[in-house]
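Please look at the sequence and the model before reading on.

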Amino acid sequence: MAQLVLRHADGIAYREAGPSQDSGLSPVLCVHGWPQSSYMWRHLLSALASTGRRAVALDLPGFGDTPPDSPGTFERHVEALERFRRAVGLDRAALVVHDTGGLIGLRWACDHPDAVGGLVLTNTGFFPDHDWTEIAETMRTPIQGEALMDSLSREGFGTLLEAASDAFDERALDEYWKAFTSPEGRRGMLELYRSFDLDELKPYQARLAALDVPTLILWGQKDEFLPLDYASRFAEQIPGSELVMLEDVRHFLFEDEPERCAEEVIGCLERAGV
């Protein structure tokens, strides 16, 4: 497998795996969700590079090794993604998103359609009637959100993630805990969740379908956080998209089944000639 390298560009940390020689294939840009970082894509990045593709994944501001960039709003995260894309020289890339990274990444894709050559949507949402999880609702609620962020310990964080997947080892927990190691980082998460105005997504529904690029919807069927019908809604909304349901796989599918996920992503890109 290709070696992963942690780099920085325009103040944003990112992981990259590059092929030994340029294959001419489309590069891939991966956007993580909460509470993860580019580390979640480690297996996929290496697998993509082994097929001759450049593969990059950023740490969004306040996550992983990228410092917070106050205010940590939805809009600023979308702007950071475009700034990063330009800084690392990606003219056109296949976009892979997960969790809240889907809200950020798909908004960016609709705003910059010429930069998108393909889509892979994994256990995410992009709907005006998005159902917030219990923890997200808490973070969106004043006082309650602050209480949660201020009280969360490394031990409690580990318990939270381990309840959602038994694939999180200590290294992964350490990487994802980085987002919680400063007061600014914790407040940035509250700013992000409180800045989402889902009504703003209404005009983007048609724009997502209008991207007209090869699309894979890869879904952990046992997701305990997002409604299962989100997968079929995406499939109906995006003509010609592929829908792959992973049985007995939960929300954090790239932790639970990294090899299977990589196979599905690579297969879709190859079939589409992206």
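## Two buried rings

Tyr 14 and Phe 84 are both buried, where buried means under 20% relative accessible area, exposed means over 50% and partly exposed lies in between (1.4 Å probe, protein chains only). Their ring centres are 5.1 Å apart and their planes stand at 65°, so the pair is edge-to-face. Rings of Phe, Tyr and Trp (its six-membered ring) pair if their centres lie within 6.5 Å; planes under 30 degrees apart count as stacked, over 60 as edge-to-face and the rest as tilted. Tyr 14 belongs to strand S2 (residues 12-17) and Phe 84 to helix H2 (residues 74-87), 70 residues apart. Helices (H or I, at least four residues) and strands (E, at least two) are DSSP runs, numbered from the N terminus.

The model is predicted: local features need pLDDT of at least 70 and side-chain atom pairs count only at pLDDT 80 or more, while totals for chains, interfaces and linings use all residues. Residues are numbered from 1 along each chain as its sequence is written, and side-chain values use heavy atoms, leaving out hydrogens and water.

## A second ring pair

The rings of Phe 127 and Tyr 230 have centres 5.0 Å apart and planes at 65°, so this pair is edge-to-face. Phe 127 lies in the loop between S6 and helix H4 (134-140) and Tyr 230 in helix H10, so the pair ties together parts that are 103 residues apart in sequence. Phe 127 counts as buried at 1% relative accessibility, and Tyr 230 counts as buried at 1%.

Arg 233 lies over the face of Phe 127, at 4.0 Å from the ring centre. A charge sits over a ring if NZ of Lys or CZ of Arg is within 6 Å of the ring centre and within 35 degrees of the ring normal.

## Helix H10

Tyr 230, Ala 231, Phe 234 and Gln 237 are buried in helix H10 (residues 229-237). They cover an arc of only 130° around the axis, which puts them on the same side of H10; the arc is that of the directions from the helix axis to the C-beta atoms. The elements they pack against include helix H3 (100-111) and strand S8 (242-246), with contact meaning heavy atoms within 4.5 Å.

## The sheet

Eight strands form an open sheet in the order S1-S2-S4-S3-S5-S6-S7-S8, with mixed pairing. Two strands pair if DSSP finds at least two bridges between them. S7 and S8 run parallel and are joined by five bridges.
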